[in-house]
Amino acid sequence: MIKRYLRAALIIGLLSISACSSFIKDKDADGITSKYQEGEYILLEDLTRNNVTLPKNSAVKLLVETSSDWVKVYAYDSKEELLKSTRVLLLYLFDSDFPNEKFNQEFFDSEVNKMVRPRGADIKPDKKIKK
């Protein structure tokens, strides 16, 4: 009987240690989710997955899902309600995609910003045109 409890305690201990080593901590996951799900964004290019297309310049909202070794960002038409929306996978990053296999907010933001920009944000040209 005692051996059974010791085994259970050992298993629980190992699981809790492995959970602590996840590349996205719970507090970070909550911040990522709320940051990107609060606003509207404009797609910078056509987005097509599984015969569903959201065209370039569409106003979209984002849904972020995180796991212990990946983060997914879905886009859906901003006119749709979240629960009734047709979501299209915008970005899927694994821990191995991040520098040192650790979640980095700046890296994540730069990857999202390659696909969308906040609605109403000024578009700044890359280069100034000389006259």
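Trainee: What percentage of the residues of the protein chain count as buried?
Mentor: This is a predicted model. The protein chain has 131 residues. To count as buried, a residue must have under 20% relative accessible area. The share of buried residues is 29%.

Trainee: How many strands does the protein chain have?
Mentor: Follow the order along the sequence: α-α-β-β-β-β-β-β-α-β. The helices come to three. The strands come to seven.

Trainee: What share of the contacts with a separation of 6 or more comes from residues 24 or more positions apart?
Mentor: A contact here needs heavy atoms within 4.5 Å. The count takes in contacts in the protein chain with a separation of 6 or more. Residues 24 or more positions apart account for 47%.

Trainee: Are α2 and α3 roughly parallel or roughly antiparallel to each other?
Mentor: Helix α2 covers residues 26-37 and helix α3 covers residues 105-113. Their axes lie 12 Å apart, at an angle of about 30°. Angles under 35 degrees count as roughly parallel. So α2 and α3 are roughly parallel.

Trainee: Is the crossing of α2 and α3 left-handed or right-handed?
Mentor: The angle between α2 and α3 is about 30°. The handedness describes how one helix is turned against the other. For α2 and α3, the crossing is right-handed.

Trainee: How many residues of the contact of α2 with α3 are nonpolar?
Mentor: Helix α2 contributes Ile32, Lys35 and Tyr36. Helix α3 contributes Gln105, Phe108, Asp109 and Val112. One of the contact residues is polar and two are charged. The nonpolar ones number four.

Trainee: What is the C-alpha separation of Val60 and Leu43?
Mentor: Val60 lies in strand β4. At 0% relative accessibility, Val60 is buried. Beyond four places in sequence, Val60 touches residues including Tyr41, Leu43, Ala75 and Val116. Val60 and Leu43 are 17 residues apart along the chain, and their C-alpha atoms are separated by 7.1 Å.

Trainee: How far apart in space are Ala75 and Leu91, C-alpha to C-alpha?
Mentor: Ala75 belongs to strand β5. It is buried, with a relative accessible area of 0%. Among the residues Ala75 touches beyond four places in sequence are Leu47, Val60, Val88 and Leu90. Ala75 and Leu91 are 16 residues apart in sequence, and in space 9.0 Å.

Trainee: Which residues is Glu80 in contact with, leaving aside its neighbours within four places in sequence?
Mentor: Glu80 lies in the loop between β5 and β6. With 28% relative accessibility, Glu80 is partly exposed. The C-alpha atoms of Glu80 and Lys61 are separated by 9.0 Å. The contacts of Glu80 are Ser85 and Thr86.

Trainee: What is the phi of Asn57?
Mentor: Asn57 is in the loop between β3 and β4. At 54% relative accessibility, Asn57 counts as exposed. Asn57 is not a glycine, yet its phi is positive, at about 70°.

Trainee: What is the relative accessible area of Asn100?
Mentor: Asn100 is found in the loop between β6 and α3. Its phi is positive, near 60°, in a residue other than glycine. Asn100 is exposed, and its relative accessible area is 70%.

Terms used: Residues are numbered from 1 along each chain as its sequence is written. This is a predicted model: local features need pLDDT of at least 70, side-chain atom pairs count only at pLDDT 80 or more; totals for chains, interfaces and linings use all residues. Side-chain values use heavy atoms; hydrogens and water are left out. Axes are lines fitted to C-alpha atoms, for helices over the stretch in contact, and angles run from 0 to 180 degrees between N-to-C directions. Helices (H or I, at least four residues) and strands (E, at least two) are DSSP runs, numbered from the N terminus. Angles under 35 degrees count as roughly parallel, over 145 as roughly antiparallel, 65 to 115 as roughly perpendicular and the rest as oblique. Ala, Val, Leu, Ile, Met, Phe, Trp, Tyr, Cys and Pro count as nonpolar, Asp, Glu, Lys and Arg as charged, and the others, Gly among them, as polar. Buried means under 20% relative accessible area, exposed over 50%, partly exposed in between (1.4 Å probe, protein chains only).
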